[in-house]
Amino acid sequence: MKGTKFTTPDDYVAALDGWRRECVSGLRKAVLSAPQLEEVIKWGHLVYLCNGPVLLIRAEEERVLFGFWRGQRLRETEPRLKPSGKYEMATIELREGDSMKPTAVRRLAKEAQALNDEFGDPRDVAKPTSQQRGKKTGRG
């Protein structure tokens, strides 16, 4: 799926086959049952927004990643979340034969959305303030 451009989430799912389509469809259906999440294609995969990015679903050749921008704060809810990347990102790696119960997916989506409601866009935490930028360059 890398390098492929999709214009809608439906196009993204339609391009999948077999277990990946089934997995992504199940995750997507459960996530969309959480109120207020906007589904878009961003960075080449499914991203769900509410006051910034909340979670993602990314199909790859051998796995499907179910990731959360503030996922490290959700590890008590879902121990399969593995810390990765910037921000407080954590992901669950699903391979053929793996599954998640819709209730668990919905609970994670709602908790992740609540974190954005409380703390704002997770990308803002990583942006230096003008005062911090001045210190980096020796100005200020």
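The charged end of Arg73 sits over the ring of Phe119, 4.4 Å from its centre; a charge is taken to sit over a ring if NZ of Lys or CZ of Arg is within 6 Å of the ring centre and within 35 degrees of the ring normal. Lys42 likewise lies over the face of Trp43, at 5.1 Å from the ring centre. The model is predicted: local features need pLDDT of at least 70 and side-chain atom pairs count only at pLDDT 80 or more, while totals for chains, interfaces and linings use all residues. Residues are numbered from 1 along each chain as its sequence is written, and side-chain values use heavy atoms, with hydrogens and water left out.

Three aromatic pairs are found in a search of the whole structure. Rings of Phe, Tyr and Trp (its six-membered ring) pair if their centres lie within 6.5 Å, and planes under 30 degrees apart count as stacked, over 60 as edge-to-face and the rest as tilted. The ring centres of Phe6 and Tyr12 are 5.2 Å apart and the planes stand at 75°, so this pair is edge-to-face. Trp43 and Trp69 form a tilted pair, with 5.8 Å from centre to centre and 35° between the planes. Trp43 belongs to the loop between strand S1 (38-42) and S2, and Trp69 to the loop between S4 and strand S5 (82-83), 26 residues apart. Helices (H or I, at least four residues) and strands (E, at least two) are DSSP runs, numbered from the N terminus.

Strand S4 (residues 64-68) has five of its five residues buried, where buried means under 20% relative accessible area, exposed over 50% and partly exposed in between (1.4 Å probe, protein chains only). Val64, Phe66 and Phe68 lie on one side of S4, and Leu65 and Gly67 on the other. S4 runs antiparallel to strand S3 (residues 53-59), joined by five bridges, and antiparallel to strand S6 (residues 90-94), also by five bridges; strands pair if DSSP finds at least two bridges between them. Arg58 stands opposite Leu65, and Phe66 has Ile92 in S6 as its bridge partner.

The largest nonpolar core has 33 residues, of which Leu27, Leu37, Leu55, Phe66 and Met100 touch the most other members. Such a core is a set of buried Ala, Val, Leu, Ile, Met, Phe, Trp, Tyr and Cys residues joined through side-chain atoms within 4.5 Å. H3 gives the most to this core, with six residues.
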